Amino acid sequence: MASQVLSGTGDVTYTNNTGQNVRIVTNYMKFTNSSTIDFGSITVSFGGVSTTIRTYGGTIGRGIAGTTRGASNSGGSPNSQNFAKDIFQSGEIEGVPLELIIAPTETFSVVGSAGVITIAAYNIVVIPEAG
């Protein structure tokens with residue numbers, strides 16, 4: 001089976017119906033926040049595991065570099081630690097899986113908090129174990 005590319009906007013859900021393990025690689029995902037003063041959250045679920053991460057919004061993905069408001073060191077260039085702190089809850093750096101594997105019949109999803117966090121864009125590739 002060939003790889004499948006998932007691209008679009010809004011919440012993401014993929015159920016593995018291939019009959020084999022699949023690798024899910026998040027190349028790009030942008031979160032926007034409709035509130036200028038409050039955190040929202042994203043919930044990432046896969047293989048029966050779920051984690052909710054508070055966020056102001058931002059961009060994640062494989063090989064992505066960038067900044068968000070206030071995310072620079074004294075020289076004005078991007079600072080990856082501040083970048084993570086600005087995207088996720090202040091003072092806490094949360095992990096977001098950019099590559100994972102799910103078994104047959106398992107589901108992967110990323111959901112923004114209703115009314116606050118929206119997934120503005122995403123590009124994810126699903127690669128079957130057999131290639």
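Arg23, Arg62 and Glu99 are tied together in a network of salt bridges (a salt bridge being a side-chain nitrogen of Lys or Arg within 4 Å of a carboxyl oxygen of Asp or Glu). The model is a predicted one, so local features need pLDDT of at least 70 and side-chain atom pairs count only at pLDDT 80 or more, while totals for chains, interfaces and linings use all residues. Residues are numbered from 1 along each chain as its sequence is written, and side-chain values rest on heavy atoms, with hydrogens and water left out.

The structure has 2 salt bridges. In one of them, Glu99 meets Arg23, with the closest N and O atoms 3.0 Å apart. That pair brings together distant parts of the chain, since Glu99 sits in strand E7 and Arg23 in strand E3 (residues 22–33), 76 residues apart. Helices (H or I, at least four residues) and strands (E, at least two) are DSSP runs, numbered from the N terminus. Glu99 also forms a salt bridge with Arg62, and here the closest N and O atoms are 3.6 Å apart. This pair, too, links distant parts of the chain: Arg62 belongs to the loop between strand E6 (58–60) and helix H1 (80–87), Glu99 to strand E7, and the two are 37 residues apart. As a general point, side chains of opposite charge can pair when their charged atoms come close.

As for solvent, buried means under 20% relative accessible area, exposed over 50%, and partly exposed in between (1.4 Å probe, protein chains only). Glu99 comes out partly exposed, at 39%. Arg23 is partly exposed at 31%, and Arg62 is partly exposed at 48%.

Strand E7 (99–102) is followed up by a look at the loop between E7 and E8, where Thr105 lies. Thr105 has a positive phi of about 75 degrees, although it isn't a glycine. Its side of the story on accessibility is plain: Thr105 is exposed, with a relative accessible area of 65%.

Strand E8 (residues 107–112) pairs with E2 in the antiparallel sense over 4 bridges; two strands count as paired if DSSP finds at least two bridges between them. Within this pairing, Thr15 stands opposite Thr107 in E8. Strand E2 (residues 12–15) shows a covered face made of Val12 and Tyr14, and an uncovered one with Thr13 and Thr15. In a regular strand the side chains alternate between the two faces of the sheet.
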